[in-house]
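Student: I would like to look closely at a single part of this model. Could you take me through it and then out into its surroundings?

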Amino acid sequence: MRKFALIGLAGYVAPRHLKAIKDTGNDLVAALDKFDSVGVMDSYFPNADFFVEIERFDRYLEKLKYEEGKVLDYMSICTPNYLHDSHIRMALRRGADAICEKPLVLNPWNIDALQKMEKESGRRIWNILQLRMHPSILELKEKVKNAPKDKIFDIDLTYITSRGHWYYTSWKGDESKSGGIATNIGVHFYDMLSWVFGDVKENTVHVHSHDRAAGYLEFERARVRWFLSINYNALPEEIKEKGQRTYRSIMIEGEELEFSGGFTDLHTKVYESILAGKGYGLEDARQAIEIVHEIRNAKPKGLSGGYHPFASKDLEPHPFNR
């Protein structure tokens with residue numbers, strides 16, 4: 001039974017990590033979050049100690065090590081994007097492997113620095129890249145592998161997940177903290193595309209505003225028109241009529257990739273792989289981080305070339321500037 005700590009317990013994704021730790025037969029000894037709405041612990045690890053101050057959390061981990069001989073094996077990180085780098089470093093200094101949510105870091109050079117610390121500490125940094133374990137994505141990867149080597153797939157990626165005004169007040173609406181739209185809601189798609197279709201050859205941004213981004217990515221084996229948004233009004237009318245607030249579509253050669261289900265235990269599968277020493281590390285995360293960094297810093301070219309059809313939708317003002 002390995003010993004875990006978890007940072008970011010009050011966040012949206014933390015319950016998936018709690019479940020994965022429990023499902024793999026391990027123990028959570030301590031958790032940290034500045035917010036104390038963490039009753040979810042009762043369903044998984046009611047006896048784990050909880051802290052709202054990082055200094056007391058750190059001191060407790062040291063006490064476990066030196067007074068009780070309990071050495072931490074892993075630290076799971078579910079905190080806001082801009083804190084990942086710091087919390088990964090904390091895990092390694094504590095002598096634990098880090099298991100971190102996406103995006104691993106915000107900038108490519110952060111990966112370079114973490115590689116040095118990983119080497120010095122002798123510990124590993126693992127990234128949660130659960131789409132790589134989704135049955136439909138595994139099937140797609142096999143299909144691409146078996147296709148003629150000169151086959152280039154044409155893809156339209158559309159992801160709209162409606163967010164209210166709270167989004168802009170939270171850290172998610174601060175590009176310096178979240179990395180912006182492409183990083184915050186798109187990085188897992190870019191990772192999946194990189195894993196399946198190879199190295200990036202072109203990265204063009206057509207539209208980039210507070211509530212959407214659209215562009216064109218060319219990989220070794222794919223040409224991808226993509227559109228991401230958090231604006232409800234960007235949804236197709238038929239989706240609104242169904243009362244839905246999220247729309248996700250990946251069209252490959254005119255055929256829809258079906259992966260609406262199959263997400264239930266992906267985090268547990270990722271944990272199983274990590275515990276077996278076969279998880280995804282720093283280099284695995286690099287290309288997706290490079291993609292979102294380039295998108296964040298690119299000057300949009302406007303509606304020219306092969307842009308996504310949704311890119312022509314009317315732009316809207318920031319809700320706080322109406």
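Student: How many of the eight residues of strand E9 (residues 212-219) are buried?

Tutor: Happy to! This is a predicted model, so local features need pLDDT of at least 70 and side-chain atom pairs count only at pLDDT 80 or more, while totals for chains, interfaces and linings use all residues. Numbering starts from 1 along each chain as its sequence is written, and side-chain values use heavy atoms, with hydrogens and water left out.

To your strand: eight of the eight residues of E9 are buried (under 20% relative accessible area, with exposed over 50% and partly exposed in between; 1.4 Å probe, protein chains only). Strands here are DSSP runs of E with at least two residues, helices are runs of H or I with at least four, and both are numbered from the N terminus. Arg 212, Ala 214, Tyr 216 and Glu 218 point one way from E9, and Ala 213, Gly 215, Leu 217 and Phe 219 point the other way; all of them are buried. For the protein, buried residues make up 52% of the 322 residues.

Now the strands beside E9 (two strands pair if DSSP finds at least two bridges between them). Strand E8 (residues 200-209) runs antiparallel to E9, and eight bridges join the two. Two residues lie between E8 and E9, which form a hairpin. Strand E10 (residues 222-229) is also antiparallel to E9, through seven bridges. Here Gly 215 stands opposite Trp 226 of E10, and E9 and E10 make a hairpin, again with two residues between them.

Stepping back, E9 sits in an open sheet of six strands with mixed pairing, ordered E8-E9-E10-E7-E11-E12. E8 and strand E12 (255-256) are the edge strands, each with a single partner strand, so one side of each has no neighbour in the sheet. At the E12 end, two bridges join that strand to the antiparallel E11 (residues 246-252), with Met 251 paired to Glu 256 of E12.

Helices come next (angles run from 0 to 180 degrees between N-to-C directions, and axes are lines fitted to C-alpha atoms, for helices over the stretch in contact; contact means heavy atoms within 4.5 Å). Helix H8 (residues 181-197) lies across strand E7 (153-161), E8, E9, E10 and E11, at about 160° to E10. Helix H11 (residues 282-297) lies across E8, E9 and E10, at about 40° to E8.

H3 packs against H4 at an angle of about 5°, the axes being 10 Å apart. The two helices are therefore roughly parallel to each other (an angle under 35 degrees). On the H3 side the contact is made by Asp 85, Ile 88, Arg 89, Leu 92 and Arg 93, facing residues of H4 that include Leu 114 and Met 117. Just after H3, Gly 95 takes a positive phi of about 80°.

Finally, the whole: the protein has eleven helices and twelve strands, and its C-alpha atoms fill a box of roughly 65 × 50 × 35 Å along the principal axes. Among contacts between residues at least 6 apart in sequence, 70% join residues at least 24 apart.

Terms used: Angles under 35 degrees count as roughly parallel, over 145 as roughly antiparallel, 65 to 115 as roughly perpendicular and the rest as oblique.
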